[in-house]
Amino acid sequence: MKKSRSQGLLVSAFVLAQLAWMGLLGLWIYWYVSNYLIFKQVGDRLSPRIVINSPNVFIFVNGIVLIVAIAVAIFFFFRHLSIQLKLTNLYDNFIANVTHELKSPLSSIQMYLETLDLKDVPAEKRKEFLGLMMKDAQRLKKNVNSILEVTRLEQKNIAHNFQVYNTGTVIPQLMNDSVEQFRINNSSVKFEGTTSGKCVIDKDAMQIVFDNLTDNAIKYSTQQVEILVKLYQTRKRIVIEFYDKGIGIESKNQKKIFNKFQRINNNNIPNVKGTGLGLFWVKEIIKFHGGKISVVSEGNDKGSCFRVELPIYQTSRKFYINSLLRKAARKEKIMETTDGD
Ligand code: ADP
(Lines give C-alpha, C1' and ligand atoms only; values in the text may rest on other atoms or scores of the structure.)
Protein backbone atom coordinates (compact mmCIF):
# COMPACT_ATOMS: atom_id res chain seq x y z
CA MET A 1 0.00 0.00 0.00
CA LYS A 2 2.77 2.37 1.09
CA LYS A 3 4.89 1.31 -1.91
CA SER A 4 2.13 1.94 -4.47
CA ARG A 5 1.36 5.34 -2.91
CA SER A 6 4.97 6.47 -3.17
CA GLN A 7 5.11 5.19 -6.75
CA GLY A 8 1.89 7.09 -7.56
CA LEU A 9 3.39 10.25 -6.07
CA LEU A 10 6.51 9.80 -8.16
CA VAL A 11 4.50 9.39 -11.36
CA SER A 12 2.37 12.47 -10.56
CA ALA A 13 5.47 14.53 -9.80
CA PHE A 14 7.01 13.38 -13.07
CA VAL A 15 3.90 14.27 -15.08
CA LEU A 16 3.68 17.70 -13.38
CA ALA A 17 7.36 18.36 -14.08
CA GLN A 18 6.84 17.45 -17.75
CA LEU A 19 3.77 19.75 -17.99
CA ALA A 20 5.78 22.53 -16.32
CA TRP A 21 8.65 22.34 -18.76
CA MET A 22 6.36 22.05 -21.78
CA GLY A 23 4.48 25.14 -20.53
CA LEU A 24 7.84 26.88 -20.11
CA LEU A 25 8.81 25.97 -23.67
CA GLY A 26 5.45 27.29 -24.99
CA LEU A 27 5.85 30.55 -23.03
CA TRP A 28 9.37 30.98 -24.28
CA ILE A 29 8.34 30.53 -27.92
CA TYR A 30 5.37 32.89 -27.42
CA TRP A 31 7.57 35.50 -25.72
CA TYR A 32 10.24 35.22 -28.38
CA VAL A 33 7.90 35.46 -31.38
CA SER A 34 5.79 38.34 -29.98
CA ASN A 35 8.89 40.35 -28.95
CA TYR A 36 10.43 39.76 -32.33
CA LEU A 37 7.28 41.05 -34.06
CA ILE A 38 7.13 44.15 -31.77
CA PHE A 39 10.81 44.95 -32.33
CA LYS A 40 10.36 44.47 -36.06
CA GLN A 41 7.38 46.85 -36.17
CA VAL A 42 9.24 49.51 -34.11
CA GLY A 43 12.37 49.05 -36.20
CA ASP A 44 10.41 49.28 -39.44
CA ARG A 45 8.90 52.58 -38.30
CA LEU A 46 12.16 54.12 -37.03
CA SER A 47 14.67 53.00 -39.59
CA PRO A 48 13.95 50.15 -41.95
CA ARG A 49 17.68 49.81 -42.68
CA ILE A 50 18.78 48.72 -39.21
CA VAL A 51 16.24 45.96 -38.92
CA ILE A 52 17.65 42.51 -39.44
CA ASN A 53 15.48 40.61 -41.84
CA SER A 54 15.70 37.18 -40.30
CA PRO A 55 14.77 36.42 -36.68
CA ASN A 56 17.74 36.04 -34.33
CA VAL A 57 18.10 32.29 -34.74
CA PHE A 58 20.97 32.10 -32.23
CA ILE A 59 18.89 33.31 -29.27
CA PHE A 60 15.95 31.19 -30.33
CA VAL A 61 18.02 27.98 -30.61
CA ASN A 62 19.84 28.79 -27.36
CA GLY A 63 16.56 29.09 -25.50
CA ILE A 64 15.25 25.82 -26.89
CA VAL A 65 18.52 23.98 -26.12
CA LEU A 66 18.37 25.25 -22.54
CA ILE A 67 14.79 24.13 -22.05
CA VAL A 68 15.45 20.71 -23.62
CA ALA A 69 18.50 20.35 -21.34
CA ILE A 70 16.28 21.05 -18.34
CA ALA A 71 13.81 18.41 -19.57
CA VAL A 72 16.60 15.83 -19.98
CA ALA A 73 17.89 16.65 -16.49
CA ILE A 74 14.37 16.22 -15.06
CA PHE A 75 14.05 12.88 -16.86
CA PHE A 76 17.34 11.56 -15.44
CA PHE A 77 16.48 12.87 -11.98
CA PHE A 78 13.18 10.99 -11.95
CA ARG A 79 14.73 7.89 -13.46
CA HIS A 80 17.32 7.86 -10.67
CA LEU A 81 14.60 8.40 -8.11
CA SER A 82 12.54 5.52 -9.47
CA ILE A 83 15.60 3.20 -9.43
CA GLN A 84 16.22 4.20 -5.80
CA LEU A 85 12.60 3.50 -4.95
CA LYS A 86 12.79 0.04 -6.55
CA LEU A 87 16.02 -0.67 -4.68
CA THR A 88 14.41 0.38 -1.40
CA ASN A 89 11.51 -2.03 -2.04
CA LEU A 90 13.92 -4.85 -2.85
CA TYR A 91 15.95 -3.95 0.23
CA ASP A 92 12.84 -4.22 2.42
CA ASN A 93 12.24 -7.73 1.04
CA PHE A 94 15.89 -8.52 1.60
CA ILE A 95 15.74 -7.55 5.27
CA ALA A 96 12.64 -9.73 5.74
CA ASN A 97 14.29 -12.68 3.95
CA VAL A 98 17.62 -12.30 5.66
CA THR A 99 16.05 -12.10 9.10
CA HIS A 100 14.28 -15.34 8.39
CA GLU A 101 17.42 -16.89 6.89
CA LEU A 102 19.45 -16.05 10.00
CA LYS A 103 16.80 -16.92 12.54
CA SER A 104 15.60 -20.25 11.20
CA PRO A 105 18.93 -22.19 11.21
CA LEU A 106 19.75 -20.66 14.61
CA SER A 107 16.44 -21.77 16.12
CA SER A 108 16.89 -25.21 14.62
CA ILE A 109 20.42 -25.56 16.11
CA GLN A 110 19.09 -24.34 19.46
CA MET A 111 16.28 -26.87 19.37
CA TYR A 112 18.66 -29.80 18.69
CA LEU A 113 21.05 -28.63 21.40
CA GLU A 114 18.21 -28.37 23.94
CA THR A 115 17.00 -31.87 23.04
CA LEU A 116 20.54 -33.26 23.39
CA ASP A 117 20.93 -31.49 26.70
CA LEU A 118 17.62 -32.49 28.24
CA LYS A 119 17.03 -35.99 26.90
CA ASP A 120 19.04 -39.15 26.74
CA VAL A 121 19.26 -39.39 22.95
CA PRO A 122 20.44 -42.72 21.44
CA ALA A 123 23.83 -42.63 19.64
CA GLU A 124 22.29 -43.03 16.19
CA LYS A 125 19.84 -40.17 16.67
CA ARG A 126 22.61 -38.05 18.18
CA LYS A 127 24.64 -38.53 14.97
CA GLU A 128 21.65 -37.53 12.87
CA PHE A 129 21.14 -34.38 14.99
CA LEU A 130 24.80 -33.46 14.67
CA GLY A 131 24.56 -33.83 10.88
CA LEU A 132 21.50 -31.60 10.75
CA MET A 133 23.14 -29.00 13.01
CA MET A 134 26.20 -29.03 10.76
CA LYS A 135 23.97 -28.31 7.74
CA ASP A 136 22.23 -25.46 9.58
CA ALA A 137 25.58 -24.01 10.68
CA GLN A 138 26.77 -24.14 7.07
CA ARG A 139 23.63 -22.34 5.90
CA LEU A 140 24.14 -19.73 8.59
CA LYS A 141 27.77 -19.24 7.59
CA LYS A 142 26.81 -18.87 3.93
CA ASN A 143 24.20 -16.22 4.75
CA VAL A 144 26.47 -14.24 7.04
CA ASN A 145 29.21 -14.40 4.40
CA SER A 146 26.93 -13.22 1.65
CA ILE A 147 25.86 -10.21 3.73
CA LEU A 148 29.47 -9.34 4.54
CA GLU A 149 30.49 -9.80 0.93
CA VAL A 150 28.03 -7.17 -0.27
CA THR A 151 30.10 -4.50 1.45
CA ARG A 152 33.25 -5.84 -0.15
CA LEU A 153 31.51 -5.92 -3.52
CA GLU A 154 30.54 -2.31 -3.16
CA GLN A 155 34.15 -1.40 -2.45
CA LYS A 156 35.23 -3.39 -5.54
CA ASN A 157 37.30 -5.52 -3.23
CA ILE A 158 35.93 -8.93 -4.10
CA ALA A 159 38.86 -10.89 -5.38
CA HIS A 160 42.56 -10.30 -4.96
CA ASN A 161 44.47 -13.56 -5.15
CA PHE A 162 44.77 -13.84 -8.92
CA GLN A 163 46.97 -16.44 -10.55
CA VAL A 164 47.28 -17.99 -14.00
CA TYR A 165 45.59 -21.41 -14.09
CA ASN A 166 45.12 -24.10 -16.66
CA THR A 167 41.33 -24.10 -17.07
CA GLY A 168 41.17 -27.76 -18.15
CA THR A 169 42.33 -28.65 -14.62
CA VAL A 170 41.02 -25.88 -12.40
CA ILE A 171 37.39 -25.73 -13.57
CA PRO A 172 36.63 -29.47 -12.94
CA GLN A 173 38.42 -29.09 -9.59
CA LEU A 174 36.20 -26.16 -8.56
CA MET A 175 33.09 -28.05 -9.67
CA ASN A 176 34.14 -31.16 -7.72
CA ASP A 177 34.66 -29.09 -4.57
CA SER A 178 31.13 -27.70 -4.89
CA VAL A 179 29.69 -31.18 -5.46
CA GLU A 180 31.48 -32.39 -2.34
CA GLN A 181 30.43 -29.41 -0.29
CA PHE A 182 26.75 -29.84 -1.14
CA ARG A 183 27.02 -33.63 -0.86
CA ILE A 184 25.41 -34.25 -4.23
CA ASN A 185 25.41 -37.74 -5.58
CA ASN A 186 28.29 -38.01 -8.09
CA SER A 187 26.03 -39.65 -10.66
CA SER A 188 23.82 -36.50 -10.68
CA VAL A 189 26.62 -34.35 -12.05
CA LYS A 190 28.08 -34.78 -15.51
CA PHE A 191 31.08 -32.99 -16.96
CA GLU A 192 31.66 -32.64 -20.71
CA GLY A 193 34.56 -31.25 -22.72
CA THR A 194 37.90 -29.78 -21.82
CA THR A 195 40.09 -26.78 -22.61
CA SER A 196 43.79 -26.02 -22.93
CA GLY A 197 43.54 -22.23 -22.48
CA LYS A 198 44.80 -20.48 -19.38
CA CYS A 199 42.85 -17.95 -17.33
CA VAL A 200 43.70 -15.51 -14.57
CA ILE A 201 41.53 -16.60 -11.67
CA ASP A 202 41.06 -15.96 -7.96
CA LYS A 203 40.26 -19.52 -6.93
CA ASP A 204 38.41 -18.62 -3.72
CA ALA A 205 36.20 -16.13 -5.52
CA MET A 206 35.57 -18.54 -8.40
CA GLN A 207 34.63 -21.23 -5.87
CA ILE A 208 31.88 -18.87 -4.68
CA VAL A 209 30.58 -18.77 -8.27
CA PHE A 210 30.41 -22.57 -8.55
CA ASP A 211 28.95 -22.92 -5.05
CA ASN A 212 26.17 -20.45 -5.80
CA LEU A 213 25.29 -22.02 -9.14
CA THR A 214 25.27 -25.49 -7.56
CA ASP A 215 23.28 -24.32 -4.55
CA ASN A 216 20.69 -22.70 -6.84
CA ALA A 217 20.47 -25.80 -9.04
CA ILE A 218 19.58 -27.76 -5.90
CA LYS A 219 17.26 -25.13 -4.42
CA TYR A 220 15.32 -24.53 -7.62
CA SER A 221 14.73 -28.17 -8.61
CA THR A 222 11.52 -29.92 -7.64
CA GLN A 223 13.05 -33.36 -8.23
CA GLN A 224 16.46 -34.92 -7.70
CA VAL A 225 19.05 -32.41 -8.92
CA GLU A 226 20.74 -33.05 -12.29
CA ILE A 227 23.63 -30.88 -13.38
CA LEU A 228 25.59 -30.89 -16.61
CA VAL A 229 28.72 -28.75 -16.95
CA LYS A 230 30.05 -28.19 -20.47
CA LEU A 231 33.50 -26.72 -20.91
CA TYR A 232 34.89 -25.44 -24.22
CA GLN A 233 36.84 -22.54 -25.63
CA THR A 234 36.58 -20.05 -28.48
CA ARG A 235 39.52 -18.01 -29.77
CA LYS A 236 39.38 -15.50 -26.91
CA ARG A 237 37.17 -17.08 -24.27
CA ILE A 238 36.75 -20.07 -22.04
CA VAL A 239 33.07 -20.97 -21.86
CA ILE A 240 31.48 -22.85 -18.97
CA GLU A 241 27.85 -23.83 -19.45
CA PHE A 242 26.06 -24.91 -16.32
CA TYR A 243 22.78 -26.75 -17.05
CA ASP A 244 20.17 -27.83 -14.54
CA LYS A 245 16.77 -29.46 -14.97
CA GLY A 246 15.02 -27.27 -12.41
CA ILE A 247 12.05 -24.94 -12.47
CA GLY A 248 13.52 -22.72 -15.20
CA ILE A 249 13.36 -18.94 -15.52
CA GLU A 250 10.87 -16.99 -17.65
CA SER A 251 12.53 -14.80 -20.27
CA LYS A 252 11.24 -11.57 -18.68
CA ASN A 253 13.17 -12.43 -15.50
CA GLN A 254 16.40 -13.66 -17.04
CA LYS A 255 18.22 -10.34 -16.82
CA LYS A 256 16.63 -9.28 -13.53
CA ILE A 257 17.91 -12.22 -11.48
CA PHE A 258 21.45 -10.81 -11.51
CA ASN A 259 20.29 -7.61 -9.75
CA LYS A 260 21.03 -6.96 -6.11
CA PHE A 261 18.37 -8.37 -3.69
CA GLN A 262 16.28 -9.62 -6.62
CA ARG A 263 14.26 -12.77 -5.99
CA ILE A 264 11.61 -14.31 -8.21
CA ASN A 265 8.68 -16.03 -6.53
CA ASN A 266 7.72 -19.25 -8.21
CA ASN A 267 4.51 -20.97 -7.17
CA ASN A 268 6.01 -24.39 -7.95
CA ILE A 269 8.49 -23.92 -5.10
CA PRO A 270 6.87 -21.41 -2.78
CA ASN A 271 9.02 -21.99 0.29
CA VAL A 272 12.52 -21.60 -1.03
CA LYS A 273 14.30 -18.94 0.98
CA GLY A 274 17.21 -16.80 -0.06
CA THR A 275 18.68 -13.32 0.10
CA GLY A 276 18.67 -12.43 -3.61
CA LEU A 277 22.38 -11.75 -3.38
CA GLY A 278 23.86 -14.99 -4.78
CA LEU A 279 23.68 -14.23 -8.50
CA PHE A 280 24.53 -10.55 -7.97
CA TRP A 281 27.64 -11.72 -6.20
CA VAL A 282 28.39 -14.24 -8.99
CA LYS A 283 27.98 -11.59 -11.70
CA GLU A 284 30.30 -9.13 -9.94
CA ILE A 285 32.99 -11.79 -9.47
CA ILE A 286 32.86 -12.81 -13.13
CA LYS A 287 32.93 -9.15 -14.21
CA PHE A 288 35.98 -8.60 -12.03
CA HIS A 289 37.69 -11.47 -13.87
CA GLY A 290 37.01 -9.62 -17.15
CA GLY A 291 34.27 -12.08 -18.10
CA LYS A 292 30.50 -12.16 -18.32
CA ILE A 293 27.56 -14.33 -17.29
CA SER A 294 24.14 -14.84 -18.81
CA VAL A 295 21.27 -17.28 -18.44
CA VAL A 296 19.12 -19.06 -20.97
CA SER A 297 15.97 -20.97 -20.14
CA GLU A 298 13.03 -22.00 -22.25
CA GLY A 299 10.71 -21.07 -19.40
CA ASN A 300 8.90 -22.65 -16.47
CA ASP A 301 9.98 -26.23 -15.73
CA LYS A 302 12.36 -26.31 -18.68
CA GLY A 303 15.60 -26.05 -16.67
CA SER A 304 18.21 -23.31 -16.95
CA CYS A 305 21.64 -22.86 -18.47
CA PHE A 306 24.03 -20.36 -16.88
CA ARG A 307 26.81 -19.45 -19.30
CA VAL A 308 30.06 -18.08 -17.88
CA GLU A 309 32.70 -16.66 -20.23
CA LEU A 310 36.23 -15.93 -19.06
CA PRO A 311 38.97 -14.25 -21.09
CA ILE A 312 41.82 -16.53 -22.17
CA TYR A 313 45.08 -15.16 -20.81
CA GLN A 314 47.08 -15.76 -24.01
CA THR A 315 44.66 -14.12 -26.45
CA SER A 316 42.49 -11.55 -24.66
CA ARG A 317 42.80 -7.94 -23.44
CA LYS A 318 46.16 -8.29 -21.75
CA PHE A 319 46.18 -4.89 -20.09
CA TYR A 320 43.27 -5.54 -17.72
CA ILE A 321 44.30 -9.14 -16.98
CA ASN A 322 47.88 -8.10 -16.23
CA SER A 323 46.62 -5.37 -13.92
CA LEU A 324 44.86 -8.10 -11.88
CA LEU A 325 48.12 -10.06 -11.62
CA ARG A 326 50.06 -6.92 -10.67
CA LYS A 327 47.53 -6.08 -7.95
CA ALA A 328 47.76 -9.64 -6.58
CA ALA A 329 51.58 -9.49 -6.56
CA ARG A 330 51.51 -6.13 -4.75
CA LYS A 331 49.11 -7.49 -2.13
CA GLU A 332 51.30 -10.55 -1.59
CA LYS A 333 54.35 -8.32 -1.12
CA ILE A 334 52.53 -6.19 1.46
CA MET A 335 51.48 -9.33 3.32
CA GLU A 336 55.04 -10.72 3.24
CA THR A 337 56.38 -7.46 4.70
CA THR A 338 53.75 -7.42 7.45
CA ASP A 339 54.49 -11.09 8.23
CA GLY A 340 58.22 -10.25 8.44
CA ASP A 341 57.55 -7.52 10.98
P1 ADP B 1 18.35 -16.39 -3.93
O2 ADP B 1 18.58 -17.79 -4.37
O3 ADP B 1 18.91 -16.11 -2.59
O4 ADP B 1 16.94 -15.92 -4.10
P5 ADP B 1 19.99 -15.60 -6.20
O6 ADP B 1 20.59 -14.28 -6.52
O7 ADP B 1 20.90 -16.76 -6.11
O8 ADP B 1 19.19 -15.39 -4.85
O9 ADP B 1 18.88 -15.92 -7.29
C10 ADP B 1 17.95 -14.93 -7.67
C11 ADP B 1 16.68 -15.56 -8.21
O12 ADP B 1 16.98 -16.22 -9.44
C13 ADP B 1 16.10 -16.64 -7.31
O14 ADP B 1 15.21 -16.08 -6.38
C15 ADP B 1 15.41 -17.58 -8.30
O16 ADP B 1 14.10 -17.13 -8.53
C17 ADP B 1 16.21 -17.40 -9.59
N18 ADP B 1 17.13 -18.53 -9.85
C19 ADP B 1 18.45 -18.57 -9.57
N20 ADP B 1 19.00 -19.73 -9.97
C21 ADP B 1 18.00 -20.46 -10.53
C22 ADP B 1 17.93 -21.75 -11.14
N23 ADP B 1 18.99 -22.53 -11.26
N24 ADP B 1 16.72 -22.16 -11.61
C25 ADP B 1 15.63 -21.36 -11.50
N26 ADP B 1 15.64 -20.13 -10.95
C27 ADP B 1 16.80 -19.68 -10.46
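This is a predicted model: local features need pLDDT of at least 70, side-chain atom pairs count only at pLDDT 80 or more; totals for chains, interfaces and linings use all residues.
Good morning. A residue is called partly exposed when its relative accessible area falls between the buried class, under 20%, and the exposed class, over 50%. Glu226, with a relative accessible area of 39%, is therefore partly exposed.

Let me begin with the ligand. The shell around the ligand holds 19 residues, and those that come nearest are Tyr220, Asp244, Arg263, Thr275 and Leu279.

In the side chain of Tyr220, an N or O atom is 2.7 Å from an oxygen atom of the ligand. Thr275 takes part through its backbone, where a polar atom is 2.8 Å from a ligand oxygen. How much of the ligand does the protein bury? Taken alone, the ligand exposes 530 Å², and 97% of that is buried by the protein.

I turn now to the salt bridges, of which the whole structure contains five.

One of them joins the side chains of Glu128 and Lys125, with an N to O distance of 3.4 Å. Both residues belong to helix H3, residues 123-154, and they are three residues apart, about one turn of the helix. Glu128 is partly exposed, because its relative accessibility is 42%. Lys125 is also partly exposed, at 39%.

Here Glu226 returns. Glu226 forms a salt bridge with Lys245, and the closest N and O atoms are 3.3 Å apart. Glu226 lies in the loop between H5 and strand S4, whereas Lys245 lies in the loop between strand S5 and H6, so this pair ties together parts that are 19 residues apart in sequence. Lys245 itself is exposed, since its relative accessible area is 61%.

The last pair is Glu309 and Arg307, whose closest N and O atoms are 3.2 Å apart in a salt bridge. Is Glu309 buried or exposed? Its relative accessible area is 11%, so Glu309 is buried. Arg307, at 25% relative accessibility, counts as partly exposed. Through shared partners, salt bridges join Glu309, Arg307 and Glu241 into one network.

Thank you for your attention.

Key: Residues are numbered from 1 along each chain as its sequence is written. Side-chain values use heavy atoms; hydrogens and water are left out. A residue is near a molecule or strand if one of its heavy atoms lies within 4 Å of it. A polar contact is a pair of N or O atoms within 3.5 Å; within protein, one must be able to donate a hydrogen and the other to accept it, and residues adjacent in sequence count only if both atoms are side-chain atoms. Accessible areas come from the Shrake-Rupley method with a 1.4 Å probe; for residues, only the protein chains shown count as cover. A salt bridge is a side-chain nitrogen of Lys or Arg within 4 Å of a carboxyl oxygen of Asp or Glu. Helices (H or I, at least four residues) and strands (E, at least two) are DSSP runs, numbered from the N terminus. Buried means under 20% relative accessible area, exposed over 50%, partly exposed in between (1.4 Å probe, protein chains only).
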